[in-house]
Amino acid sequence: MELKDKLLSSFLAFEENVNMNSEIHEIRSRAIKDFEAAGFPTRKQEAWKYTSLNKVLNHDYTVFPKKEDTIEYRDVEKYFIDDIDTYKIVFIDGIYSSHLSSTTHEKIDACLMSSAMNSSKYKPVIDNYFNKVAPQESLTSLNTAFSHEGAYINIPKNTMADKPIQIINFSTGNESALMVQPRNLVVVGENSHVQIIERHQSLTDHPVLTNSVTEIFADKRAIVDYYKIQNDNHQASLIDNTFIEQQRESVCSVHTFSFGGNLTRNNLNFYQKGERIDSTMKGVTVIEGKQHVDHNTLVHHAEPNCESHQDYKGVYGKSSTGVFNGKIVVEKEAQKTNAFQSNNNILLDDKATINSKPQLEIFADDVKCSHGCTIGQLDDEALFYLQSRGVPAKEARALLMYAFANNVLESVKIPELKKRINNIIAEKLGVNIGFNL
């Protein structure tokens, strides 16, 4: 049975365990029909021209894990940013893990989507925000149809989250192949601030396919810092769909660090709904072997006096493949827009490839917009200079690659996370750079 058919039949079983009379389930029912009509995306679609899901979809995935598994903290401690105190929302094979989590309902709500969907307390937030910014496309519709568990984060008006929030999804490998579909909802009130760190991590080499959807809503003057660490095993594939709606004078940034996994597709869309908004998306990709990472971004400028900044760096070794498809849309009303987009890449080997397509669609006449792309190799003169000063060739290459990505790391606002990313990059490069940031 093909995966699409399996998912359609599994939806009938899924319905037996949820409230079929709820408004949420009406949304689910419409979404599964949308997915049935659209199917999985193919390379015939322009947005998926350089990314094929065929090999990823070939496995016989288990859609519902057979049992809840328990993981000891000591076995997964290294995957947490434990240098600082954080709230933790942890899932194991798509099921909430209470003993690994540390949630709260005090000044803020950092808890579960399943609780929020089934509680009258959270109904106004769910009604106002759930599935309101995620478009009805193939993979987002599939996630909506099976939406049940994930992180629910609500930061009330005039509130600063007292510590960062970690969302971690572990896959145990108890199933020969597993598909999970976490659904996250983040609502940040007027004048509020939150920092969130997200990670998907497999604990074995069994194939895992994650189709994740995150909706983020930033009210007036809200500040959202979102960090994605993608350093999974080489049999894990991730389709990460993130949609952000911003109101007047809000500031939102998303940093994506892609190092591991088999196939990773990041769909990141910003929608600006007011004036003097700032949207930032930055990323560092360091991959090798036959890994594939695809960044597909959109910033939609609909109001005047707003800014957006995109800066993606990629280092590709061996037979790895990168894709960057970034689009900036400036509507006629969005005068005085300042939009910047940059994608810079280094190919370390002859078989490594990058397909880059920065795009601007500008309908306003008083704007400052720029985009650019570079693809090249390490500077031989710089390598020679470092080696002439006694730096071994391997370390010299690593230092140049680190310097290449450093301006993205500089904007990370959590020092402990910055140190962790530095360590991952050093490990990927196979050297001890010696930074302690």
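**Rings, charges, sulfurs and voids**

Author: F11 is buried, and so is F146; buried means under 20% relative accessible area, exposed over 50%, partly exposed in between, with a 1.4 Å probe and protein chains only. This is a predicted model, where local features need pLDDT of at least 70, side-chain atom pairs count only at pLDDT 80 or more, and totals for chains, interfaces and linings use all residues. Residues are numbered from 1 along each chain as its sequence is written, and side-chain values use heavy atoms, with hydrogens and water left out.

Reader: How many aromatic pairs does a search of the whole structure find?

Author: Rings of Phe, Tyr and Trp (its six-membered ring) pair if their centres lie within 6.5 Å. Planes under 30 degrees apart count as stacked, over 60 as edge-to-face and the rest as tilted. Searched over the whole structure, the number of aromatic pairs is 13.

Reader: What kind of pair do F11 and F146 form?

Author: Their ring centres are 5.8 Å apart.

Reader: Are the planes of Y312 and F324 stacked, edge-to-face or tilted?

Author: The ring centres of Y312 and F324 are 5.3 Å apart. Their planes are at 45°, so the pair is tilted.

Reader: Which strands hold Y312 and F324?

Author: The pair links distant parts of the chain, twelve residues apart. Y312 is buried at a relative accessible area of 2%, and F324 is buried at 2%. Y312 is in strand β16 (residues 307–316), and F324 is in strand β17 (residues 321–330).

Reader: Which rings form a cluster?

Author: The links here are ring pairs. They join F11, F14, F64 and F146.

Reader: How many disulfides are found?

Author: A disulfide is a pair of cysteine sulfur atoms within 2.5 Å. The sulfur of C306 has its closest cysteine sulfur in C369, 12 Å away, too far for a bond. C306 is buried at 0% relative accessibility, while C369 is partly exposed at 22%. The disulfide count for the whole structure is zero.

Reader: Which element gives the most to the lining of the largest pocket?

Author: On a 1 Å grid over the protein atoms alone, a cavity is a set of points where a 1.4 Å probe fits but cannot get out, and a pocket is an open set with protein on both sides within 12 Å along at least five of seven lines; lining residues have an atom within 4 Å of a point. Grid points are joined across faces, edges and corners, and a volume is the space filled by probe spheres set on the points. The largest pocket holds about 560 Å³, and of its 25 lining residues the closest to the centre are V63, F64, P65, G94 and H148. With three residues, the top contributor to the lining is β5.

Reader: What is the space in the largest cavity?

Author: There are five cavities of 30 Å³ or more. The largest cavity is lined by 17 residues, and the closest to its centre are H200, D232, A236, S237 and L238. Its space is about 120 Å³.

Reader: What phi does R221 have?

Author: Most residues other than glycine have a negative phi. R221 is in the loop between β9 and β10 and is partly exposed at 29%. R221 is not a glycine, yet its phi is positive, about 60°.

Terms used: Helices (H or I, at least four residues) and strands (E, at least two) are DSSP runs, numbered from the N terminus.
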